Amino acid sequence: MHYANTYLDKPVVPEVNINKEGSEEVLKCMLNTGSDIYQGACKKRGSTLKEEYKNASGTCYMDPRDMEKLGVNNWDNVLVKTDWGEVVVNAAASRDAPHEGTVFICKGPWANTVVSSDTYCCSDPTYKGIHCTVEKTDREVLLMADLMRWVYKKYVDEDEDKVVENMPSLGELPVYKKRG
């Protein structure tokens, strides 16, 4: 394993091989967010619209024992829900395990959909210690532009608001206005 190479399709994570159904459908956890070397490298390269950024930032790093409870392997999709929203992200074994009952999502668009926007007069939302649930899902992890369209209704006309989920992906190219 070589941690210094940040030019990877997916971040380096420990191998897990879950070959059975999970014992729990929904896992109650504590969510923490923060920076990550892979996410930072993607941002510095200007690849925030690309698949590699989605794989670095749109990932829920979990203790392998929690992954076993849900019956998920690396790069399976999970739905993370908090009091402020929900988001579909990849599941991956944490490089920092053991930390059973605690999950980590990089600060960024995916995490922002599930953290409180209240800054409590300090101009920063609470990024740590957020109660959440995690469950396996068949829904797809969205690229950043598609996430912005889905969550914040960016790049859609008002009359299209109800059909966002049926629109084709905006892809990895810059989006200045609605493509048409």
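Buried means under 20% relative accessible area, exposed means over 50%, and partly exposed is in between, with a 1.4 Å probe and protein chains only. Helices (H or I, at least four residues) and strands (E, at least two) are DSSP runs, numbered from the N terminus.

A word on the source. This is a predicted model, in which local features need pLDDT of at least 70 and side-chain atom pairs count only at pLDDT 80 or more, while totals for chains, interfaces and linings use all residues. Residues are numbered from 1 along each chain as its sequence is written, and side-chain values use heavy atoms, with hydrogens and water left out.

Back to α5, which covers residues 144–152. Its buried residues are Met144, Ala145, Asp146, Leu147, Met148 and Arg149. After the helix comes Lys153, which has a positive phi, near 60°.

Next, the pockets. Rolling a probe the size of a water molecule over the atoms shows where empty space is left. Here a pocket is found on a 1 Å grid over the protein atoms alone: it is an open set of points where a 1.4 Å probe fits, with protein on both sides within 12 Å along at least five of seven lines, and lining residues have an atom within 4 Å of a point. Grid points are joined across faces, edges and corners, and a volume is the space filled by probe spheres set on the points.

How much space lies in the largest pocket? About 450 Å³. Its lining has 21 residues, and those nearest the centre are Arg139, Glu140, Leu142, Trp150 and Glu165. The largest share is that of α5, with five residues. By class, the lining has twelve nonpolar, three polar and six charged residues. For these classes, Ala, Val, Leu, Ile, Met, Phe, Trp, Tyr, Cys and Pro count as nonpolar, Asp, Glu, Lys and Arg as charged, and the others, Gly among them, as polar.

The second largest pocket holds about 200 Å³ of space. Among the residues that line it are Asn32, Tyr61, Arg95 and His99. Strand β5 (residues 102–106) gives the most to this lining, with three residues. Here the classes are three nonpolar, five polar and three charged.

Last, the salt bridges. Side chains of opposite charge can pair when their charged atoms come close. A salt bridge is a side-chain nitrogen of Lys or Arg within 4 Å of a carboxyl oxygen of Asp or Glu. The structure holds eight of them.

Which residue meets Asp66 in a salt bridge at 3.4 Å, N to O? That is Lys69. Both lie in helix α3 (residues 64–70), three residues apart, about one turn of the helix. Asp66 counts as buried because its relative accessibility is 1%, and Lys69, at 23%, counts as partly exposed.

Lys69 also meets Glu100, at 2.7 Å, N to O. This pair links distant parts of the chain, with Glu100 in the loop between β4 and β5 and Lys69 in helix α3, 31 residues apart. Together with Asp63, Arg65 and Asp66, these two residues are linked in a network of salt bridges.

One more pair is Glu135 and Lys81, at 3.9 Å, N to O. Glu135 lies in strand β6 (residues 130–136) and Lys81 in strand β3 (residues 77–82), so this bridge ties together parts that are 54 residues apart in sequence.
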